[in-house]
Amino acid sequence: MSAYHRTRLWFRAVFLRGRQDRDLAREIATHIEMEREHLMRQGIPRTEAERLAHVAFGGVQRYVEAVRDMRGARPFGGFTQDVRYALRYFARAPLVSIVIIVLLAIGIGVNSAVFALLDTFAFAPPAGVPRDPALVRIRGTVVYDGATRSRPISADEVRDYAKMNGIFAAVAGAASARLPIVPASGEGETGQVQFVTSGFMGVLGVRPVLGSLLPADDDRASGGAAAVVLSYRFWRVAFGASPAVIGQPIDIGGVSGVIIGVATQGFDGVGAPYSGWTSAWLPIWSYTGATSTRKKNAAHFFDDGVLNVVARLTPGTSLARANAAVRGVGSAALQTNQRDSHTRSTGSEVIALRAGNATRDVPKGQYSAIALLGIVTFLVLAIICSTVTMLIVSRAVMRQREIGVRLSLGATRARLVRQLMTESAMLALAGGAGGMALVAVFARLAAMWRPDNPITFGTWTIGATALFTLGTAFLFGLSPALHATRSSVSQSLKESTGISTWHTLAHRQLIVAQIALSQPLLVGVAALISNAIESRGPDVNAAEAAQTLVVQLELPGGGKDSDRVRDVALVERIAADVRALPAVSHVAITEPGEHRNKYHTAPGEPAVSPQSFAASTHSVSDTYFALHDAHVIRGRNFANSDVVGSPLAVIVGSDLATQLWGAADPSGRHLVNECECAGGTYTVIGVVDAREMGSSTVDGRVQVYSAFLQEPSPWYAALWIRSAANPDAIAQSVRARIRASAPDLAIPRIGVSAVSAEHWLRQRSALYASAAGLAALFLAAIGLYAVVSFSVRQRTRDIAVRLAMGARPAQVSRQFLTNALKLCAIGCGFGLPISIFAVRALFSMFAAREFNAFIVANVIAAAVTLVALLAAWLPARGAARVDPMSALRAE
Amino acid sequence: MHGWGISQRIQQLSADALKVGQGSLYPALYRLEKRGYVKSEWRTTENNREAKYYALSAAGRRALGAEMKDWRHFAAAVELVLRSEA
C-alpha cells in the first residue's frame with residue numbers, strides 16, 4: 001500500500017470520522033433494507049422480513065465498533081475516555097497525585113524565580129537596552145591597600161578610548177547628578193539627570209518612543225538651549241504622556257533646555273549611582289552649567305572624572321583583546337587623577353554590559369548570594385525531579401495487576417501506554433499551572449522588593465524550567481508505562497515479585513542521590529542554628545540595620561579648614577532636625593562607605609602582636625554606637641572636644657584590642673595609619689564591643705572608628721537614621737525635613753543601608769538555603785518511605801511465608817530497616833565530602849564563628865540518617881503486621 | 001458490487017455452504033479497503049437506491065491471485081494427505 005494511500009486513510013479516519021460513521025450507518029441501513037426487500041419478495045410479511053433482516057445482519061453496534069477499530073487512528077476519540085479514567089484514578093489515590101502536583105509546582109515556581117534573579121543580575125542587559133554581545137562597559141579600576149575598586153573615568157580618558165578605532169566602534173559616557181527639573185508646563189521634581197557624551201544613546205541602541213534622541217554631535221541646540229530627552233517614566237508622571245511635549249522648554253538645574261524626545265520605556269541610563277529613576281538626559285557640555293549653581297567646584301568634579309563609560313566593540317573584537325588595549329590608558333589615568341593622591345595604581349577593564357553592573361556599585365555579597373541560590377535551587381530541582389520520578393514509577397508498578405486485568409480483557413498495549421501517559425501529562429500540566437501561579441506570586445513579591453528596578457521574569461526562564469520539570473515528569477511517566485505493560489497478562493496477574501528489578505535498582509540509586517544531596521542543603525540550617533547559638537551574632541545587628549535608613553548628603557565642600565567646620569555645623573544642624581522627627585530614635589553622622597587602611601602599632605609601645613594589619617576605617621559620630629545598640633566598654637566615646645584640629649582619636653573594636661594588646665587597656669595607645677591620605681598617628685580613646693557592632697565578620701576585617709567631626713569628608717556625609725518605623729515609610733518625612741533645613745543641599749541617595757541590604761540578602765540566602773535543606777530532607781524522606789513501602793508491598797507474599805514459617809515480626813521489620821540503612825550509608829558516603837565542602841564555603845558567609853567542617857558535616861549526616869530511618873521504619877513496621885493467612889489467601 | 005450483493009453472491013456460489021454473517025462482512029471489507037485491495041464508491045442501484053459499491057483494485061487482484069495460489073497449494077496438500085489416509 002502506498003504511503004499516499006495510508007496517509008489519505010489516516011487523514012480521513014482522524015478528520016472525517018463523523019462523515020465516515022454516517023457513511024457506514026447509511027451503508028448498513030441500505031444492506032438491511034435490501035435484505036428485507038429480498039425476504040419480502042419471497043412472500044414474508046413486512047414486519048417479519050424486517051426482523052429477519054436484522055437477525056441475519058447481527059448486532060449493528062458491534063460491527064460499527066469493529067469497523068471503527070479497523071480504521072485505527074482514534075487519537076481523539078479515546079482521549080476524553082483516558083482523561084476521565086485518569087481523573088477517576090486521581091480521585092481514588094488523591095494523596096500521591098497531590099504530592100506530585102505540589103512538587104512539580106514548587107520545582108517550576110522556585111526555579112523560575114531563581115533563574116529570573118540570575119538572569120536579571122548576571123545576564124540581562126540594562127532595561128531598555130537591546131541584548132547585544134558587542135556592548136561593553138569600560139570600568140576604571142584602582143588598586144590600593146591590596147583591594148581593587150572601581151574608579152570613575154574622566155572625559156579626557158573617554159576621548160582616549162574613543163581614539164581606539166580598531167577596538168571600539170563607539171565610546172560614550174554618562175555623569176549623573178540630582179537636580180531640580182522645572183518644565184514650562186506640567187509638574188516638576190528634583191530628580192536624577194544624566195549628562196551624556198555624544199552618541200551615548202546610539203551606542204546603547206536605545207530607541208525613542210517619541211521625537212528623537214540626543215544627536216550624535218553634542219553641539220548646542222538652537223538658541224543655546226540644551227537638547228533634553230525625557231525618561232518614559234518622567235514623561236508620564238510630569239506630562240501625562242502628552243505628545244505635545246516635544247519642543248517645550250525645560251529648566252534643569254539652571255540650564256535651559258528644549259525637550260526633543262522621550263526614551264524607550266524602562267531605559268534608566270547606565271551607571272546611575274543613586275537610587276531612584278533617571279528623569280532626563282542632557283548633553284555633557286551643560287554639566288558644568290547645571291551643577292555650578294549648586295556647587296562651585298562642579299568643574300573640579302568633572303575633571304576628576306565622574307563618567308561611567310559604555311562602548312560598542314568593533315565586529316570580531318574579543319573582550320580579552322579590548323582589555324589588553326585599554327590597560328595602558330587606564331594606568332596613565334593615575335597622573336591625571338589629582339584627587340587620588342593615595343592611589344597605588346590605576347587600570348581599566350572592559351566587561352560585558354549587564355543590568356547587574358550597569359549601576360556603579362553592586363554589593364559584592366549579591367553575587368555570591370545569588371550564585372548560592374542558584375546552586376541550592378538546582379539541587380532542590382534535582383531532588384524534586386527524582387522524587388516525582390519515584391512516585392510515578394511506584395504508582396505504575398503498583399498497578400501491575402490492574403494493567404494485567406485490562407490486558408486480559410483485550411486492551412492493547414498501545415492503549416494502556418497512552419492512558420498512563422495521559423495521566424502523567426495531566427499531572428505535569430496541573431503541576432505546571434501551579435508553578436505558573438507561584439511564578440506570578442514571586443513576580444509580585446519581586447516588584448514589591450525592588451519597585452524601581454524590578455526583577456523581570458523572562459519567558460525563556462519560565463519556559464525552560466517548565467519544560468525541564470514537565471519533561472522529567474513526562475519522560476519518567478513513559479518508562480514505567482512501557483515497562484508495566486510489557487509483562488504478559490499471566491505474569492501480571494501472578495504475584496508481582498521480580499517484575500521490576502529495574503525499578504527497584506533505579507529507586508535505590510535515586511534514594512542514594514537524594515540522601516547525598518540533602519546533606520549539603522542542610523548546611524544552611526546548621527549555619528542558622530550556629531547563629532542562634534551565638535546570641536549576639538551579626539544577624540542580630542542586621543535586624544537592627546534593617547530598620548536603618550541611610551541618607552547621603554552632598555556638602556558644599558571646600559579645601560580649607562573653615563569650609564569643613566561650616567560643613568560639619570550644617571550636617572549637625574540637619575541631624576538635630578531629623579532627630580526631632582517623631583518616629584526617629586537615633587541619628588548618627590558618618591562618612592559614606594568605609595576606607596580600607598593598613599595600620600601598625602606605634603613604635604616603642606608594648607603590644608602583643610606589633611605587626612601591621614588591615615582594617616576598615618569608619619568615620620562616625622558619637623551616636624553611631626548607640627544606634628547599633630553597642631557599648632563603649634573601655635575608655636570613652638567621641639566627644640565634642642574631638643573636632644577639626646584636635647589630636648586625632650580612634651575607637652577600636654574589642655576583637656582588635658585583644659589581638660593587639662591582650663587584656664591591657666588600650667586607651668592612650670597609638671595607631672599609625674599607613675595611608676598617605678590620612679592624618680598619620682591616632683590615639684586610641686576607647687574600645688567598642690565588636691560583637692555588638694556585629695561588623696567584625698562582615699568581610700573578616702577588624703574595625704577602626706575615627707571621629708567624623710574631626711575629619712569630615714570634604715564632599716559627602718551620610719545620616720544613619722534608626723526608627724521604630726519601616727525605613728521606607730519615614731524616608732519621605734526625612735527628605736522633607738532636610739529640604740526644610742537646607743533647601744540647597746542635594747540628597748543623592750536615600751535608602752536602606754548597603755550593609756543592611758547585603759546582610760538582608762545573606763540572611764535571606766541562609767533562610768532560603770535552610771528552607772531548601774529542610775524541603776530536601778522532607779523530599780528524601782518521602783522518597784525513602786515510598787521505596788520501602790513499595791518493597792514491602794511487593795514482597796507481601798514473602799513476608800507472609802516467612803511469618804507463617806515462624807519468623808518473628810521484629811526480624812521482618814529489621815530486614816527492611818537494614819536495607820534502608822544500607823542506602824543511607826551509601827548516600828552519606830557520597831554526601832559527606834560535598835557537605836564538608838559546603839560547610840567550609842557557607843559558614844564563612846553566614847556563621848558567627850568557625851566550626852570544624854568535618855564534625856558539622858557528620859552531625860548533618862547523622863541527622864539525615866535519623867530522618868531516613870524514621871521514614872523507613874513506618875512502612876517496615878507495617879511489614880511486620882502482615883497477616884500471613886489473609887496475605888497468602890489474597891495471592 | 002455492494003455489501004448485500006456480495007453476501008448474497010457468496011451464499012449462492014457456495015450453494016449455501018458458506019453463510020457469512022452479514023454484519024461481519026463489513027469489518028472485512030473495510031480491512032481490505034484499508035490495505036488497498038478494494039476501492040469503494042457510492043452509486044445508484046437498478047432500484048434507484050444509493051449503495052456503496054466495492055471493486056477489486058489492481059493490488060487486490062494481485063493479492064487475490066497470490067491467495068488463490070496459496071489456497072490451491074494448501075487444498076491440494078490436504079487432499080493428498082486425506083487421499084493417502086483413505
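Three salt bridges (a side-chain nitrogen of Lys or Arg within 4 Å of a carboxyl oxygen of Asp or Glu) are found across the interface of chain A and chain B in this predicted model. In one salt bridge, Arg49(B) pairs with Glu33(A), and the closest N and O atoms are 3.0 Å apart. The side of chain A that touches chain B draws two or more residues from each of α1 (3-15), α2 (17-41), α3 (46-57) and α4 (60-71) of chain A, where helices are DSSP runs of H or I with at least four residues. Of these, α2(A) gives the most, with 12 residues. By class, that side has 10 nonpolar, 5 polar and 9 charged residues.

Turning to area, chain A and chain B bury about 2300 Å² between them (accessible area lost on being put together, 1.4 Å probe, summed over both), with 58% of it on carbon and sulfur atoms. Within chain A, Glu27(A), Met34(A) and Met70(A) lose the most area to chain B, together 29% of what that side buries.

The lining of the second largest pocket comprises 23 residues, and Ile6(B), Ile10(B), Leu32(B), Leu56(B) and Leu64(B) lie nearest the centre of this pocket. Here a pocket is an open set of points on a 1 Å grid over the protein atoms alone, where a 1.4 Å probe fits, with protein on both sides within 12 Å along at least five of seven lines; lining residues have an atom within 4 Å of a point. The lining divides into 18 nonpolar, 2 polar and 3 charged residues.

Residues are numbered from 1 along each chain as its sequence is written, and chains are lettered from A and ligands numbered from 1 in the order in which they are written. Local features need pLDDT of at least 70 and side-chain atom pairs count only at pLDDT 80 or more, while totals for chains, interfaces and linings use all residues; side-chain values use heavy atoms, with hydrogens and water left out.

Methods. Nonpolar A, V, L, I, M, F, W, Y, C, P; charged D, E, K, R; others polar. Buried area = accessible area lost by both parts, 1.4 Å probe.
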